[in-house]
Amino acid sequence: MVSIPDILLSVLFLLLIMIDIAGNVLVCLVVYRTKQMRRPMNYLLVNLAVADVVIGVFMLPRHVFHHAFDHPTGTSGNYLCKFITGGVFIWLSAASSGILLIAIAIARYFAVVHPLRSNFRLNKNRVLWIMALSWGFACVLTAPSISAIVYDPRKDFCVENWPTWYPKQGHVAFVFAANCMVPIITMTLLYLRIIYKLWRNEDAITSSVQLARLKSRKRVTIMLIIVTLVHTLCWTPNYVLYLLIFYVPGFYYGSTTYIVTVLLILLNAAADPLLYTWYMDGFRRGIRSMLCCRHRNRVQVVDTSGKKHVETLFRVDFSGITEPNNDQVMETSTF
């Protein structure tokens, strides 16, 4: 019999997964359907959204449907753990997201601190290389865990069963450093430099256009910092627990602490599209249009004599470039 707390926990997971998948799919659709949103920086945000969708999809069998079937044992159970129920693709998405967040921070650094260095400009080709690098790095980093993960019938959970000759503690420490410490330190240093540059120059601005440009850059920077901070706060407990499992007795997969850290990961995936929508006018308008089916507006043009001259139809501009300086996240940023 499944207990009531287990049912409630599965319902909570399902609710957050639905928000995660729906929100991030909408983000991808807004960029795909709106020409003005198809900019290099937004493609990185779309890749982050894809990583969040992968997290939600692969949490379903592990944390929602696990009570609905008996997990097979033996070789079939091990392979099911490796590719479906073991959560390997969640770690894969985490590693990719870390690289993408570093790339976004570097892009903002050159856009704000060194705007004239055109050789570091972010374009579609470089975005494709960044995407390939992020997922390639994630695959290499996750491959050893895929080979080690097996199903444990006693715990009714997928665990990592490393061979005796493999330095598992060294591997876990490297994963913790590469996925947690290095991104946190790198992004902290970059955003501190960006903040210093933006807020230091505020008093020296006299032009209203320059002031509007600065406000737009500040808004974009604040949003990216919040996205990075939420990612750090939600993922760090799971990374720390992963490290403790192999270094401190008493910590193990499937514990209550482990479930809480996984919920935080899912909360981060569900929160990202909400942050984009709150801070970025382009995403907000695009999502509103798709949900309300308002793709066109009518505009009447009146000539100087006061008579109706012509009535035209035009597509609503979802570029999100609401400031007169065209410097939102969806700008052609530098990298």
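The model is predicted: local features need pLDDT of at least 70 and side-chain atom pairs count only at pLDDT 80 or more, while totals for chains, interfaces and linings use all residues. Residues are numbered from 1 along each chain as its sequence is written, and side-chain values use heavy atoms, with hydrogens and water left out.

**Nonpolar cores**

A nonpolar core is a set of buried Ala, Val, Leu, Ile, Met, Phe, Trp, Tyr and Cys residues joined through side-chain atoms within 4.5 Å; buried means under 20% relative accessible area, exposed over 50%, and partly exposed in between (1.4 Å probe, protein chains only). The largest such core has 43 residues, and Leu44, Ile104, Tyr276 and Phe283 have the most contacts inside it. Among the elements that give two or more residues to this core are helix H1 (4–33), helix H2 (40–63) and helix H4 (88–112); H4 gives the most, with 10 residues. Helices (H or I, at least four residues) and strands (E, at least two) are DSSP runs, numbered from the N terminus. Beyond its neighbours within four places in sequence, Phe283 is in contact with residues including Val27, Met37, Leu45 and Tyr276, where contact means heavy atoms within 4.5 Å. A second, separate core has 39 residues, including Leu60, Trp91, Val150 and Phe157.

**Salt bridge**

A search of the whole structure finds one salt bridge, defined as a side-chain nitrogen of Lys or Arg within 4 Å of a carboxyl oxygen of Asp or Glu. Asp152 pairs with Arg154, the closest N and O atoms being 3.5 Å apart. Asp152 is buried, at 10% relative accessible area, whereas Arg154 is exposed, at 78%.

**Pocket and cavities**

On a 1 Å grid over the protein atoms alone, a cavity is a set of points where a 1.4 Å probe fits but cannot get out, and a pocket is an open set with protein on both sides within 12 Å along at least five of seven lines; lining residues have an atom within 4 Å of a point. Grid points are joined across faces, edges and corners, and a volume is the space filled by probe spheres set on the points.

| Space | Volume |
|---|---|
| Largest pocket | About 520 Å³ |
| Largest cavity | About 180 Å³ |
| Second largest cavity | About 80 Å³ |

The largest pocket is lined by 23 residues, with Arg62, His66, His67, Asp156 and Phe157 nearest its centre. The largest cavity has 18 lining residues, of which Trp91, Thr142, Ser145, Glu160 and Tyr242 are closest to its centre. Residues lining the second largest cavity include Arg62 and Trp91.
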